[in-house]
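This report goes through a structure of protein chains, one topic at a time. Please look over the sequence and the model before reading on.

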Amino acid sequence: MILRKEHRILVQGVTGKQGTFWTDAMIKYGAQVVGGVSPRKAGANHLGKPVYASAVDAAKAQHFDVALMFIPPIMAKAAAIDACEAGAELLICLTEHVPLHDALEMHAAAKASNTRIIGPNTAGLVTPGETFAGILPAFNATVFRPGNVGVISRSGSLGTLLSLILSQNGLGQSAFYGIGGDSIIGTTTREALEIMDRDVRTEAVVICGEIGGTAEEDAAEYAASMGKPVVAFVAGRASPPGKKMGHAGAIVSRGKGSYLSKRRALEAAGIDVADVPSDIPKLLPAYLKNAA
Amino acid sequence: MKFEENAAKALLQNLGLLVPEGAVVTSPSAAADAAAALGGRCMVKAQAPIGKRGRAGGIRPAESAEEARGAAEAILGMEINGYRIDRLLVEQQVPIAAELYAAVLSDAASCRPVVLFSTMGGVDVEETAAADPDAVRRILVDIRTGLTDTQASDALAGLDLCGQTREVIARFLVDLYDAYRALDADLLEINPLALTEDGQVIVLDCKYVLDDSSINRQAEIAAQGSSDSMTTLEAAAASMGIKYMALEGNVGVLANGAGLTMATMDAIAHFGGAPANFLEIGGEAYTKAETALSILLKNHDIRSLLISFCGAFARTDVMARGVVSAWKKFNPEIPVFFTVHGTGEKEAIELIRRELGRQPFDSMDDAVRAAVSAANGAAA
């Protein structure tokens, strides 16, 4: 789903330093934060919102659609399972360095409760002019502005740069989808593309990929079947093989996940691939600008 | 984190899997002694956390202690894939009836553990699958219930295995899956897995990769692992929680976030330069700009420096303060170029202007071009 203003958000780990900073920014932006979770501060008020002992407890008091996790790695699994059991429709896991087997357990719990997980290791979602959930500068109008281009990014920082470049060129975003830099993530590039395809406000999509895994290759086939233009940038052309480039998922191994493999698969599907991020606006059709 | 064969086998043996008897040695005479203890006939195997050691001549059979000594003399000191071999595993030879393949890893499409099995061992599993997809069996496991004997046995249907062997292998796959869980493995691959003449399955070679995000909770196991081969500077950075990797170019890079750092390196290459390093201070490390810069500046090949910030979680004002502080402390003479956007950009740009007298470029491309041109000019 595309995050909308009417979506009600529960913030797990709301009372921590980062949880406080970003939740405050979200509320000021217009996000509907209905409360937070912090076991030791249950019953208190924080940023004017009620704090609960668990997501399951919060669900007893009020309805929410989205759970957003500001939770350290070792506690991420328990928090995610709590959010799934509480019936969250969407779970955004910002946590980096979640142990792999814990992540697999989170995904299994999500499957059972029909929860969509974004991440782990994502920067979150922004729907410019409406709402956001995560650690992204939605409030910075030079970066994010309402428009008709969907952005899907494995990286928060690079996705932010791509959004900035679009905005600098008179193109706004219908939705920014940070899917996360880990190798095993709940919502893949292809699934995010399907979501953008169904969204009427999205008229074109930018895939911001990177080396490692086969997410871009898997998405290429679907992109070819879409009626909307799709363009891409893939980071890591200048990175050495066999090394993990910061993200857990960004490694070329066993001949898989290379820049060339991704570029060839995307181009074979008719998707233009930019050499540098700044080329992206040139690859998008001109009519998008007039509509924005 | 990767493990040498001997370390991985010891862990598997503790978990009840069968491995050949053997010993780790570091000299030809110790290899001869170890061979003698095994009755003379043995395998002498180079130890390094990499595969395909056999093709490089790093794995040799020996029929006697003297032959083992000779094999050890030949292998010790070899360089395989950048690793200098200084340790050997001297192991008993196993009477092999068939070489099989088994592995457990995680499947990105289903977000589940997947067990792979094939009767074609000793070759690359991807080659087997490409030739005959049905030859590689895939069992997707529900991590909450684990793998059962029945599930494992069902997956082996149609393969050329006699009834008893099928049950032995099914049991082995369950044990292997349990080991994968106990070891917080990213990958556990047994290739080849020996089916012996008397119907046992024994791990002949194995590859174990411990999930990097599980190192903290598996400290005891991680102590047996192979640390990445790192330069002094890379190791110093790692100890301070910073991901630094030396490359061969002369344009230094400091950026936040893995994706942005890679894209910045790509842009440097695109505009005719060569990045000197990968160094990112994204995530919780965004407060470490000063430390990061102190590491970067120790690379004397750098002719210009590009600072590329696009703040999301990482606040550019905090990172800029770190850079300014490092700049004043080290007073480097190399030209520096900035491009700064995102969270905290107003304060960051103002700080860089005021304290360093430099104007960040509005576009990353312009900053990259300037840094490349300065580096190329200095090198010419």
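How are α3(A) and α4(A) oriented to each other? The model is predicted, and in it the axes of these two helices cross at roughly 0°. Angles under 35 degrees count as roughly parallel, and α3(A) and α4(A) are therefore roughly parallel to each other.

## Helices α3 and α4 of chain A

Helix α3 of chain A covers residues 73-85, and helix α4 of chain A covers residues 100-113. Their axes come within 9 Å.

On the α3(A) side, the residues that meet α4(A) are A:A76, A:K77, A:A80, A:I81 and A:C84. Their partners in α4(A) are A:D102, A:E105, A:M106, A:A109, A:A110 and A:S113. By class, the residues of this contact comprise 7 nonpolar, 1 polar and 3 charged.

## Helices α6 and α7 of chain A

Another pair in chain A is formed by helix α6, residues 189-198, and helix α7, residues 215-225. Here the axes are 8 Å apart and the packing angle is about 30°. With the limit for roughly parallel set at under 35 degrees, α6(A) and α7(A) are therefore roughly parallel to each other.

From α6(A), the contact takes in A:T189, A:R190, A:L193, A:E194 and A:D197. From α7(A), it takes in A:A215, A:D218, A:A219, A:E221, A:Y222 and A:A223. The contact of α6(A) with α7(A) holds 5 nonpolar, 1 polar and 5 charged residues.

## Chain A overall

Chain A contains 10 helices and 14 strands. Its C-alpha trace spans about 55 × 45 × 30 Å along the principal axes. A compact globule with 292 residues would have a radius of gyration near 19 Å, and the 18 Å of chain A agrees with this.

Of the 292 residues in chain A, 62% count as buried. When contacts between residues at least 6 apart in sequence are taken, 72% of those in chain A join residues at least 24 apart.

## Backbone details in chain A

Some backbone features of chain A fall in its loops. The peptide bond between A:G119 and A:P120 is cis, with omega about 10°. A:P120 is placed in the loop between β7 (116-118) and β8 (124-127) of chain A. A:N121 also lies in the loop between β7 and β8 of chain A. A:N121 is not a glycine, yet its phi is positive, at about 70°. Is A:N121 buried or exposed? Its relative accessibility is 11%, so A:N121 counts as buried.

A positive phi also occurs at A:L47, a residue other than glycine, where the value is near 55°. A:L47 sits in the loop between β3 (45-46) and β4 (49-52) of chain A. With a relative accessible area of 30%, A:L47 is partly exposed.

## Chain B overall

The secondary structure of chain B consists of 13 helices and 17 strands. Along the principal axes, its C-alpha atoms fill a box of roughly 80 × 50 × 40 Å. Chain B has 380 residues, of which 54% count as buried. Among contacts in chain B with a separation of 6 or more, 68% are between residues 24 or more positions apart.

## Selected residues of chain B

Where is B:S226 placed? It is in the loop between α7 (219-222) and α8 (232-239) of chain B. Its relative accessibility is 15%, so B:S226 counts as buried. Beyond its neighbours within four places in sequence, B:S226 is in contact with B:M1, B:K2, B:F3, B:E4 and B:P49.

B:I59 belongs to strand β3 (residues 59-62) of chain B. At 23% relative accessibility, B:I59 counts as partly exposed. Neighbours within four places aside, its contacts are B:M43, B:V44, B:K45, B:R53, B:G54 and B:I75. B:I59 and B:L12 are 47 residues apart in sequence, and their C-alpha atoms are 21 Å apart in space.

Chain B also has a cis peptide bond, which runs from B:N191 to B:P192 and has omega near 5°. B:P192 is in strand β10 (residues 185-196) of chain B.

## Confidence of the prediction

For the complex, the predictor gives an ipTM of 0.92 and a pTM of 0.93. Chain B has a mean pLDDT of 93, and 99% of its residues reach 70 or more. Where pLDDT is low, the predicted coordinates should not be read in detail.

Technical notes. Residues numbered from 1 in each chain as written. Chains lettered and ligands numbered in written order. Predicted model: local features only at pLDDT ≥ 70, side-chain atom pairs only at ≥ 80, totals over all residues. Heavy atoms only, no water. Axes fitted to C-alpha atoms, helices over the stretch in contact; angles between N-to-C directions. Helix = DSSP H or I, 4+ residues; strand = E, 2+ residues; numbered from the N terminus. Parallel < 35°, antiparallel > 145°, perpendicular 65-115°, else oblique. Contact = heavy atoms within 4.5 Å. Nonpolar A, V, L, I, M, F, W, Y, C, P; charged D, E, K, R; others polar. pLDDT = per-residue confidence, 0-100. Rg over C-alpha atoms; globule rule 2.2 N^0.38 Å. Buried < 20%, exposed > 50% of the residue type's maximum accessible area, 1.4 Å probe, protein only.
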